[in-house]
Amino acid sequence: DENQECYGCVTSAPYLICSDELTWAAAADACAVFGLHLVTINDAAENSLVASFLSGTTWIGFNDLGSEGTFAWQDGSPVTFTSWSSGEPNDSNGEDCTHTNWSSPGLWNDLDCGSTEPFVCE
């Protein structure tokens, strides 16, 4: 079903903020249904803007699924900015996907991709 209500999504252009909790891969697939991808954050201003829309931890498109320790954006954009929380990423128990607003608004953490989180598409 291509109805954004299925994922509890609301539009805040150019983003689609979705409250349903899915695994990282399922969230990426849900974004693709709308012709979008998990959000790519290019700078501190965009990170603050995205964080301001969120009430808790939320999947973004940053991961090291292709090569352990080398994080990349799902859409292939160059990595120009990161906002890791202190001590992150730590790959605890094989964490390969990234969520934001962990421990403080705008800070990132690596997390097991099989965990379920809300997500942001763009």
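In which sense do strands E1 and E2 pair, and over how many bridges? The legends below take up this pairing and other details of a predicted model, in which local features need pLDDT of at least 70 and side-chain atom pairs count only at pLDDT 80 or more, while totals for chains, interfaces and linings use all residues. Residues are numbered from 1 along each chain as its sequence is written, and side-chain values use heavy atoms, with hydrogens and water left out.

**View 1. Strands E1 and E2 form a hairpin with two residues between them.** Strand E1 (residues 9–12) pairs with E2 in the antiparallel sense over four bridges, where pairing requires that DSSP finds at least two bridges between the strands. Strands (E, at least two residues) and helices (H or I, at least four) are DSSP runs, numbered from the N terminus. Threonine 11 has leucine 16 of E2 as its bridge partner.

**View 2. Phenylalanine 62 and tryptophan 84 form a tilted aromatic pair.** Rings of Phe, Tyr and Trp (its six-membered ring) pair if their centres lie within 6.5 Å, and planes under 30 degrees apart count as stacked, over 60 as edge-to-face and the rest as tilted. Here the centres are 5.9 Å apart, with 40° between the planes. Phenylalanine 62 is buried at a relative accessible area of 2%, buried meaning under 20%, exposed over 50% and partly exposed in between (1.4 Å probe, protein chains only).

**View 3. Tryptophan 84 also pairs with tryptophan 108.** Their planes stand at 80°, so this pair is edge-to-face. Tryptophan 108 is buried, with a relative accessible area of 0%.
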